[in-house]
Structures are given as C-alpha cells and as structure tokens.
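Hi,

Here is the model I promised to pass on.

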Amino acid sequence: MSQRITTASKTASGAPSAASFPRHEQTFPALTPQEIARMRRFAEARNYRDGEKLFETGKPGPGMFVVLSGHVTITQRDGLGHVTPIIDQGPGQFLAEIGQLSGRIALVDGQAEGDVETLLISPAQLRALLVAEADLGERIMRALILRRVNLIQAGVGGPVLIGPADSSDVIRLRGFLTRNGNPHHLLDPKTDPDAAEVIARYSPSPTDWPLVVAPDGTVLRNPSESELARAMGMIRGLIKDRIYDVAVVGSGPAGLSTAVYAASEGLSVAVCDARAFGGQAGASARIENYLGFPTGISGLALTARAYNQAQKFGADMMIPVEVKALDCSREDGTFGLKLDSGEVLRARSVVVASGARYRRPEVANLADFEGRGVWYWASPIEARLCAEQEIVLVGGGNSAGQAAVFLSGHARRVNMVIRGGGLGASMSRYLIERIEATPNIELIFNTEVVALEGTAGASLERVRWRSRLSGEESGIDIRNLFLFVGADPATGWLDGCGVMVDRGGFVVTGAQIAKASGDPASALETSVPGVFAVGDVRSGSVKRVGGAIGEGAQVVATLHGFLGDTARPAL
Ligand SMILES: Cc1cc2nc3c(=O)[nH]c(=O)nc-3n(C[C@H](O)[C@H](O)[C@H](O)COP(=O)(O)OP(=O)(O)OC[C@H]3O[C@@H](n4cnc5c(N)ncnc54)[C@H](O)[C@@H]3O)c2cc1C
C-alpha cells in the first residue's frame with residue numbers, strides 16, 4: 001500500500017501553512033514515494049545549498065521541482081522590492097504553477113532553506129509526464145491551475161500598475177492581463193505610499209499613465225499590450241528554422257480546439273493570437289448553451305481550460321502576436337506567416353481561426369470615447385464601473401441579451417436600444433424570458449444611437465438616440481455605453497494570397513469552392529490547398545461556441561490527410 005510523505009505542519013519561514021489556502025489538499029498535494037519513483041524517468045537530480053535560488057521571479061522557470069529532502073521557501077517579490085512569504089514546501093511536495101508547462105517566467109522566488117535535494121522535470125518532460133501518467137497527471141495539472149488561480153486572486157507575482165482605476169489605459173491593460181490569466185496589482189497614485197515613491201522617481205507626464213512596474217523592476221510608461229507582454233516574458237522570439245506542421249491563427253474556441261486536437265495527435269502546432277486566448281467567447285459573461293454545463297460557464301473559464309489543455313499537449317501559444325500577412329507562394333514547400341514583430345513563422349499548413357471583430361456603429365465621434373465609456377464587452381471590470389448607474393446597451397442579439405442580464409446585476413437600470421421592433425428573430429427564447437423577468441432592463445425598440453456627447457479623450461456624458469418610426473430624438477445622461485451590434489470577419493491579413501472570401505468577407509471552404517471553381521476541396525479547406533478555415537470566420541458557419549469547437553476537431557482529420565500527402569521538408 002502506498003504511504004504519503006507528511007510535510008511539516010508549521011512552516012520554517014513564517015509563511016502561511018498549506019492548510020490556510022482554499023482547496024489546499026488539491027493545491028498542495030503530497031506525492032507518495034511510489035509516485036516519485038514513477039516520476040524519475042522524466043527527471044534529473046538537482047541539489048542546492050542553503051540560500052541558493054531554485055527559480056527567480058521574472059526569469060524563465062526551469063520546470064517543475066520535486067523536493068526529496070530539505071525545505072524550499074516560496075516568496076513573492078514584486079517590482080517595488082516587497083518580499084512576502086507564500087509557503088514552505090518540504091519532502092514529497094512539487095514546486096510549479098501552470099506557467100512551467102511552457103517554460104514561462106517564474107512569478108515567485110524559490111530558495112533552499114538548508115541543503116535541498118530535488119528532481120527537476122523540464123517543461124517538455126512535464127508535458128510528457130502529464131500525458132503518460134493519467135491519474136498522477138490529473139492531480140498535478142489541477143494543482144498547477146489552482147496555484148495560478150490563487151496567485152491571480154491575491155494579485156501576486158505579476159506587474160504592479162500605478163494609475164487611477166477608471167483611467168481607460170488602466171482598464172485596457174487590466175483587461176489584457178485578466179483575459180490572459182495573469183496576476184497583477186493596482187496601486188492608486190493618490191493614496192499609496194509605494195506609488196508615490198515611483199511617481200517621484202519617474203515624474204510621469206499625463207500621457208505616461210499608468211506606470212507599470214514589471215516583476216523584474218523595469219518601469220514602463222503607458223505600455224502597449226505587446227510592450228507589456230514582452231516585459232513580462234509572455235512573448236518569446238521564434239526558434240530559427242523551426243517549421244511547424246500547422247500554424248493556427250486565432251485562439252478563440254475554434255483555434256483552441258484545433259490546437260488541442262492537433263497537438264494531442266502528435267502534430268507540431270503554433271497558435272498566434274493578437275489579443276488574448278478565448279476570442280469573442282472569452283468576453284461572454286455566461287455561455288449557457290455549451291454541452292455539458294447545465295448551469296452555464298463563463299467564456300473565460302471555458303477557454304482558459306482549453307488554453308491550458310493545448311499547452312499540456314505541447315502547442316506553442318504565442319500571445320499577443322498578430323499575423324499581418326500570409327505568404328502562400330510556398331517556394332520552399334511551406335507557408336510564411338508575417339508577424340507583427342517582423343519575424344516570419346513557417347508552417348506546412350495553416351488553419352484560419354481568426355473569427356470576427358466587433359462592428360462599430362456609424363456615430364461620428366465614437367472613437368473619442370472607446371475605452372472611456374464605450375465598451376464592446378462586459379466583464380466584471382466594466383461591470384464595476386457601472387455600479388448603481390444607469391447605462392445604455394445597444395443590440396438585440398444573444399450577446400447583447402447576455403450582457404444586459406449580466407449588467408442588470410450591477411447597474412441601476414439598463415436601457416436596451418434595439419433597431420428592430422422585437423427580439424424574437426435575433427435572440428434565444430430563454431434570454432428573452434430572462435430579460436422580460438428582469439425589472440431594471442428597459443427595452444427601447446425601433447431606435448438607434450445617433451450621437452455621443454462629452455469631453456473627447458476624457459469621459460462620455462450623454463448619449464442621443466432617434467426613433468426610426470417618428471424620427472424624434474432624445475438623450476440621456478450616462479457614462480457607460482455598451483455596443484453589441486455584431487462583428488465582421490477578421491480576414492484582412494489574408495489579402496493577396498488567393499484565399500477566396502464571400503461577399504461579406506467570410507472565408508469560403510469545401511463545397512462552395514467546388515461550386516465556384518469546379519475543384520473539389522475537403523469540407524474545411526479553402527481555395528488555397530493547405531489553408532483551412534474554422535469557426536466564425538468561415539462562410540456558412542453557425543457562429544456558436546459549439547460549432548467553432550466542432551470544426552476545430554474536424555479540421556485535424558483533414559490536416560493529417562494533407563500533411564501525409566505533402567513531402568515533409570527538412571527541419
Ligand atoms: C459577448 C458574446 C457572447 C457570446 N455568447 C455565446 C453563447 O452564449 N453561446 C454561443 O454558442 N456563442 C456565443 N457567442 C459567439 C461565440 O463567442 C463565437 O461564435 C465564437 O467565439 C467563435 O469562435 P472563433 O474561434 O471562430 O472566433 P473568435 O472567438 O472571434 O476568435 C478569433 C480570435 O482570432 C484572433 N485574431 C484575429 N485576427 C488575428 C490576426 N491577424 N492575428 C492573430 N490573431 C488574430 C482574435 O484576437 C480572436 O481572439 C458570443 C459572442 C460574444 C461576443
């Protein structure tokens with residue numbers, strides 16, 4: 001019978017004991033000697049002297065450590081120099097969180113307390129272990145995810161943002177970090193003494209807000225998402241001369257599904273996304289129609305699971321990386337994807353999963369208020385901004401309905417402005433019933449928003465709308481306007497490479513190509529052999545999470561056929 005190695009109940013460094021963490025038995029499970037013995041074939045021995053660092057905040061993590069003897073203290077060190085003990089780990093414990101699956105930077109420090117003997121399992125070997133050892137792998141994977149969740153909830157280990165909570169750039173960067181599952185911490189420049197010190201040192205001008213202190217202490221002034229991602233080690237350069245079996249563009253449900261199925265079936269996979277994993281679904285407060293979740297699931301929770309799963313099977317997730325153009329000339333037998341960094345990613349096949357981008361209604365000064373009161377999604381961050389306020393939400397589809405129901409729990413009143421005369425043709429019945437049963441949602445039919453008023457570049461103050469029946473105009477003083485008026489396909493990056501699109505710009509595949517050109521193509525193949533399209537970007541797709549995921553699984557069978565038929569270029 002297996003016997004568990006027990007860990008010290010009181011920690012050496014004064015850090016909280018494991019028992020003080022939520023779900024601590026799953027977050028910090030102890031391994032049995034038999035389990036450790038099974039892990040040895042994936043590991044190499046590493047010993048450390050008292051005080052030596054096993055891993056350091058802000059530097060790429062070497063993988064997962066299993067402690068054989070001695071103790072390791074885990075501490076948080078932020079870019080401002082504060083050190084907080086998190087936990088001590090002893091024999092039978094393993095040290096890692098989800099970032100170690102792909103060798104991301106460490107979010108915490110690990111230091112030997114006395115001499116320590118460990119086994120080190122590299123990221124590649126860790127992925128192999130998770131797949132080969134199903135039961136043990138499940139326990140480890142759950143612990144890695146829960147540890148990241150703890151770090152996110154405590155705001156431990158990521159960058160420190162200094163700026164007013166309602167500034168549009170603070171909201172932009174927090175949205176980016178949250179959508180990508182990165183812990184972070186916000187300091188108020190007016191009240192926090194640490195913030196005051198940084199401000200005194202860097203004297204930011206009004207356009208420099210927020211200041212961002214990366215985990216390694218680097219200070220950035222109002223960075224772009226991509227600058228922040230680089231400072232945090234989220235993006236790494238391409239490995240020279242590497243050729244992937246498949247490059248997936250987009251990590252919404254369709255791209256994630258393609259990545260999980262392709263990587264789990266042995267293909268080498270690169271996934272690029274310009275913003276965050278999850279795509280449009282990641283912005284959905286609650287998906288109620290996805291199979292197997294009778295109480296619904298938030299889009300972020302669903303797609304975060306898939307994102308971790310894709311990494312478990314070894315897919316290279318490159319986020320935020322925008323694909324600017326596709327070169328289909330295939331002179332060396334491969335496709336070239338031109339990235340926003342200027343680098344070219346090479347792959348033997350391409351899956352277009354770039355989905356759709358939010359549509360913007362024709363209101364002259366809309367851009368002046370984007371991120372300053374005009375929103376295209378409704379996450380808890382935006383919801384907090386509307387607490388006890390009256391808001392306007394435009395749209396009559398399912399996404400508008402979900403957002404209205406979600407925001408009605410935060411706002412005093414939600415004015416839902418709808419162009420048509422009813423909801424029956426555009427919204428699911430269950431949502432209509434829920435809206436009708438929610439007293440603080442007001443439905444305003446046959447109406448469109450025509451003007452925004454406020455201080456450009458500052459805040460929205462008033463929205464004007466017009467009745468499409470009487471032409472009468474009226475307005476309302478509000479600070480937050482939510483737009484859910486549909487989306488256009490994200491296909492600009494395909495221009496010039498011969499991929500056929502329909503009149504709306506959606507990528508044409510399969511039977512539609514056969515009809516247009518006479519050449520038969522498999523169901524999800526585009527007019528360029530080796531380029532496939534899945535999910536919302538595909539002409540005729542159902543524009544649902546379930547459909548996107550199904551197509552991602554389906555395309556992988558076709559990919560095998562295509563890759564098997566083409567000569568494999570030398571790596
Ligand atoms: C608020 C909201 C709620 C919704 N609720 C539901 C629901 O309850 N049930 C349901 O079934 N459906 C729902 N939907 C629809 C569902 O989210 C979509 O059908 C689904 O997300 C489509 O998945 P996709 O992977 O095809 O594309 P998307 O989700 O659009 O993902 C495309 C990804 O590609 C990336 N990308 C685009 N261009 C590039 C480029 N050049 N380089 C790199 N990356 C790029 C984008 O950043 C994006 O992450 C909802 C949609 C929204 C907006």
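To start with the sheets: in what order do the strands of the open sheet with β14 and β29 run? The order is β14-β13-β12-β18-β29, 5 strands with parallel pairing. Before going further, please keep in mind that this is a predicted model, where local features need pLDDT of at least 70, side-chain atom pairs count only at pLDDT 80 or more, and totals for chains, interfaces and linings use all residues. Residue numbers start from 1 along each chain as its sequence is written.

A word on terms. Helices (H or I, at least four residues) and strands (E, at least two) are DSSP runs numbered from the N terminus, and two strands pair if DSSP finds at least two bridges between them.

β14 and β29 (531-533) are the edge strands, each pairing on one side only. On average, neighbouring strands here are turned by 20° against each other, direction ignored. Within the sheet, β12 (residues 246-249) and β18 (residues 350-352) pair in the parallel sense over 3 bridges, and V249 stands opposite V352 of β18. Helix α8 packs on this sheet and touches β12, β13 (269-272) and β18; its direction makes about 165° with that of β13. (Contact means C-beta atoms, placed from the backbone, within 7 Å; axes are lines fitted to C-alpha atoms, for helices over the stretch in contact, and angles run from 0 to 180 degrees between N-to-C directions.)

α8 has 12 residues and reaches 16 Å from its first C-alpha to its last, close to the 16 Å expected at 1.5 Å a residue. (The expected span is 1.5 Å times one less than the number of residues.) Of those 12 residues, 11 are buried, so α8 is largely enclosed by the rest of the structure. "Buried" means 20 or more other C-beta atoms within 10 Å of the residue's own, "exposed" 12 or fewer, and "partly exposed" in between, with C-beta atoms placed from the backbone. The buried residues include P253, L256, V260 and Y261. Just after the helix, G266 takes a positive phi of about 90°.

**The other sheet**

A second open sheet to look at has 5 strands in the order β20-β27-β21-β22-β23, again with parallel pairing. Its edge strands are β20 (374-375) and β23 (441-444), and each pairs on one side only. β21 (residues 390-394) and β27 (residues 481-483) pair in the parallel sense over 3 bridges, with L481 of β27 as the bridge partner of V392. Helix α12 (residues 398-408) lies across β21, β22 (413-417), β23 and β27, running at about 170° to β21.

**Around the ligand**

Which residues come nearest to the ligand? Of the 40 residues around it, they are G250, G252, G279, G355 and G535. (A residue is near if its C-beta atom, placed from the backbone, lies within 6 Å.) Elements giving two or more residues to the shell are α8 (253-264), α12 and α15 (545-565), and α12 supplies the largest share, 4 residues. By class, the shell has 18 nonpolar, 15 polar and 7 charged residues. Here Ala, Val, Leu, Ile, Met, Phe, Trp, Tyr, Cys and Pro count as nonpolar, Asp, Glu, Lys and Arg as charged, and the others, Gly among them, as polar.

**Helix α5**

The 12 residues of α5 (residues 168-179) should span 16 Å at 1.5 Å a residue, and the end C-alpha atoms are 16 Å apart, which agrees. Its buried residues, among them V170, I171, L173 and F176, pack against β7 (160-162), β8 (185-187), β9 (211-213), α7 (225-231), α9 (299-312) and α11 (380-385). G181, which follows α5, has a positive phi near 70°.

- A cis peptide bond joins W209 and P210, with omega about -5°; P210 lies in the loop between α6 (193-202) and β9.
- The bond from I319 to P320 is cis too, with omega near 0°, and P320 lies in the loop between β14 (316-318) and β15 (323-327).
- S203, in the loop between α6 and β9, has a positive phi near 35° without being a glycine. S203 counts as exposed, with 7 C-beta neighbours inside 10 Å.
- N446 is not a glycine but has a positive phi of about 50°; with 15 other C-beta atoms within 10 Å, N446 is partly exposed.

Cheers

Note on methods
Two residues are in contact if their C-beta atoms, placed from the backbone, lie within 7 Å.
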